[in-house]
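Have the sequence and the model open as you read.

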Amino acid sequence: MDAYLEEELYDLMTFCIQNTGNSSDYNSKKERILEIGKELYNDGGADAMENMYFAIQNRIKEEIQKDIKPYRFWWNGITDKWKY
């Protein structure tokens, strides 16, 4: 399941970075990113969230030379352990 979520999260984050709110799909993609964060937390806690975010952050940095740190706060509120 993690590999599927990683690919989906990568696609969603890439879309949001490249469209920065200018698309009608932006909000639905952002909402799905939040859902994935909740799924990860429910499955493996804050560590699972950190691991997935780290993997996606590195892939996006390498593949499209963008930084996703500004989007990290989207998962705030899922757990008290995630505060960005």
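Which residues of the largest nonpolar core touch the most other members? They are Leu9, Met13, Ile33, Ile56, Ile68, Tyr71 and Trp75, out of 24 residues in that core. A nonpolar core here is a set of buried Ala, Val, Leu, Ile, Met, Phe, Trp, Tyr and Cys residues joined through side-chain atoms within 4.5 Å. Buried means under 20% relative accessible area, exposed means over 50%, and partly exposed is in between, with a 1.4 Å probe and protein chains only. The elements that give two or more residues to this core are α1 (2-19) and α2 (26-64), and α2 supplies the largest share, 10 residues. Helices (H or I, at least four residues) and strands (E, at least two) are DSSP runs, numbered from the N terminus.

Before going further, a word on what you are looking at. This is a predicted model, in which local features need pLDDT of at least 70 and side-chain atom pairs count only at pLDDT 80 or more, while totals for chains, interfaces and linings use all residues. Residues are numbered from 1 along each chain as its sequence is written, and side-chain values use heavy atoms, with hydrogens and water left out.

Now pick out α1. This helix has 18 residues and reaches 25 Å from its first C-alpha to its last, close to the 26 Å expected at 1.5 Å a residue; the expected span is 1.5 Å times one less than the number of residues. Its buried residues include Leu5, Leu9, Leu12, Met13 and Cys16. An α-helix has 3.6 residues a turn, so residues three or four places apart point the same way. The buried residues of α1 pack against α2. Glutamate 8, in helix α1, counts as buried because its relative accessibility is 18%. Not counting residues up to four places away in sequence, Glu8 touches Arg32 and Ile36, where contact means heavy atoms within 4.5 Å.

In the loop between α1 and α2 you will find serine 24, which counts as exposed because its relative accessibility is 74%.

Moving on to α2, look at leucine 34. Beyond the residues up to four places away in sequence, Leu34 touches Trp74, Trp75 and Ile78. With the same exclusion, isoleucine 33 touches Leu9, Leu12, Met13, Cys16, Trp74 and Trp75. Further along α2 sits glutamine 57, which is buried because its relative accessible area is 15%. Leaving aside neighbours within four places in sequence, Gln57 is in contact with Ile68 and Lys69.

The lining consists of Leu9, Met13, Ile33, Tyr53, Tyr71, Arg72, Trp74 and Trp75. These residues divide into seven nonpolar, no polar and one charged, where Ala, Val, Leu, Ile, Met, Phe, Trp, Tyr, Cys and Pro count as nonpolar, Asp, Glu, Lys and Arg as charged, and the others, Gly among them, as polar.

Note on methods. On a 1 Å grid over the protein atoms alone, a cavity is a set of points where a 1.4 Å probe fits but cannot get out, and a pocket is an open set with protein on both sides within 12 Å along at least five of seven lines; lining residues have an atom within 4 Å of a point.
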